[in-house]
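Colleague: Could we go through this model together? I would like to begin with the side chains and then turn to the helices.

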Amino acid sequence: MATSFAAKSIVFLFMVLVLYTPCLAQLTSTFYDNSCPNALSTIRTSIRSSIAAERRMAASLIRLHFHDCFVQGCDGSVLLDETASIESEKTALPNKDSARGYGVIEKAKSAVEKICPGVVSCADVLAVAARDASAYVGGPSWSLLLGRKDSTTASRTLANSELPSFKDGLDRLISSFKNKGLSARDMVALSGSHTLGQAQCFTFRDRIYSNGTNIDAGFGSTRRRGCPAVGNDAKLAALDLVTPNSFDNNYFKNLIQKKGLLESDQVLFSGGSTDAIVTEYSRNPKTFSSDFATAMIKMGNLVNGNARQIRKICSVVN
């Protein structure tokens, strides 16, 4: 009798826990098929318009999605402005004066709100924007899983500690990605997004003035002409000198030639465990493209289980 009562009590307690435990977001490729069937096409049109006006924006949107997902999952937290109760990730060191594209996401979100108010999350808009940005500049597209919710909080502290740095060594990079469930191969593939975009002088100054053996002398000389030893910290230089506005595998060819702009780029080909992956991608652009899409899907599936909101405006909570 006592045993039966105890067993029933355990079953009852389990049912209570199930009923009151918040459900994690269940992502699906058909999430908006019924609730907002024109969501993806609306976002795509807006994103294409923004990149057509400024080609560099493609790289910025891919990076913004990455910086969102690496801090508590893909929850739109990187889009939140500073308030009395929110320490914005926009002011974290990896984002301050460099992360951009916030207005582009707001524009796409506004377009979706007009046709389906309160349905599509900012986190999903950002994920779609990154995918469409890649495709627009010649990179891969991929089937997105959707249904993310938006966070009502942000964490500048976590953004500072968990986002990779341009000074990171190979072991630290591998560890950072492993902590997010991403392999070394995923890390190298995602780093290939540096085939697009630009970096500020202060992020690569130490490398080009180091006179090290892991940098091509001519490349270093060329870069020094655009980045003085002192001053002009924010002056921009293309991460890939050859095809800076097209998604291709030149980034990996550059690494083999010791022409990676950032220290965190060149360490991927420096006698370490990822050399073989870099070599493979430099020889086979289709493999790189496929692996990049796979890694973006895996990264995009990092979900914040505590996110519960569909923000009307991406920079503020409802």
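**Charges, rings and helix packing**

Modeller: The charged end of R224 sits over the ring of Y209, at 5.9 Å from the ring centre. Please keep in mind that this is a predicted model.

Colleague: Understood. Over which ring does the charged end of K180 sit?

Modeller: The charged end of K180 is placed over the ring of F70, and the distance to the ring centre is 5.8 Å.

Colleague: Let us stay with rings. How many aromatic pairs does a search of the whole structure find?

Modeller: The search finds 13 aromatic pairs. One of the pairs is formed by F166 and F202, whose ring centres are 5.8 Å apart. Their planes stand at 85 degrees, over the 60 degrees required, so the pair counts as edge-to-face.

Colleague: Where do F166 and F202 lie?

Modeller: F166 lies in the loop between α6 (156-162) and α7 (170-178), while F202 belongs to helix α9 (residues 201-208). The pair therefore ties together parts that are 36 residues apart in sequence.

Colleague: And what is the relative accessible area of F166?

Modeller: F166 has a relative accessible area of 25% and is partly exposed. F202 is also counted as partly exposed, at 39% relative accessibility.

Colleague: Which residues form one aromatic cluster?

Modeller: The cluster is made up of W142, F247, Y251, F252, Y281, F288 and F292.

Colleague: Y281 and F288 make me think of the helices α13 and α14. At what angle do α13 and α14 pack?

Modeller: The angle between α13 and α14 is about 115 degrees, and their axes are 5 Å apart. On the α13 side, E280, Y281 and R283 take part; they meet P285, T287, F288 and D291 of α14. By class, this contact has 3 nonpolar, 1 polar and 3 charged residues.

Colleague: Now to another helix pair, please. How do α2 and α4 pack?

Modeller: Helix α2 (residues 39-53) packs with helix α4 (residues 102-115) at an angle of about 145 degrees, with the axes 9 Å apart. The crossing of α2 past α4 is right-handed.

Colleague: Which residues of α2 and α4 meet?

Modeller: From α2 there are A39, T42, I43, S46, I47, S49 and S50, and from α4 there are V104, K107, A108, A111, V112 and I115. The residues of this contact divide into 8 nonpolar, 4 polar and 1 charged.

Colleague: What is the background to such spacing along a helix?

Modeller: An α-helix has 3.6 residues a turn, so residues three or four places apart point the same way.

Colleague: Changing topic: is helix α8 mostly covered or mostly uncovered?

Modeller: Helix α8 (residues 184-191) is mostly covered, since 6 of its 8 residues are buried. The buried residues are D186, M187, V188, A189, L190 and S191.

Colleague: Against which helices do the buried residues of α8 pack?

Modeller: They pack against α7, α11 (250-256), α13 (275-283) and α14 (285-300).

Colleague: Finally, two distances. How far apart in space are G218 and K259?

Modeller: G218 and K259 are 9.2 Å apart in space, C-alpha to C-alpha, and 41 residues apart in sequence. G218 lies in helix α10 (residues 217-226) and counts as partly exposed at 41% relative accessibility.

Colleague: How far apart in space are K178 and I215?

Modeller: K178 and I215 are 28 Å apart, C-alpha to C-alpha, with 37 residues as their separation in sequence. K178 belongs to helix α7 and counts as exposed at 64% relative accessibility.

Definitions and conventions:
Residues are numbered from 1 along each chain as its sequence is written. This is a predicted model: local features need pLDDT of at least 70, side-chain atom pairs count only at pLDDT 80 or more; totals for chains, interfaces and linings use all residues. Side-chain values use heavy atoms; hydrogens and water are left out. Axes are lines fitted to C-alpha atoms, for helices over the stretch in contact, and angles run from 0 to 180 degrees between N-to-C directions. Helices (H or I, at least four residues) and strands (E, at least two) are DSSP runs, numbered from the N terminus. A crossing is left-handed if the near helix is turned anticlockwise from the far one by less than a right angle, and right-handed if clockwise. Contact means heavy atoms within 4.5 Å. Ala, Val, Leu, Ile, Met, Phe, Trp, Tyr, Cys and Pro count as nonpolar, Asp, Glu, Lys and Arg as charged, and the others, Gly among them, as polar. Rings of Phe, Tyr and Trp (its six-membered ring) pair if their centres lie within 6.5 Å; planes under 30 degrees apart count as stacked, over 60 as edge-to-face and the rest as tilted. Buried means under 20% relative accessible area, exposed over 50%, partly exposed in between (1.4 Å probe, protein chains only). A charge sits over a ring if NZ of Lys or CZ of Arg is within 6 Å of the ring centre and within 35 degrees of the ring normal.
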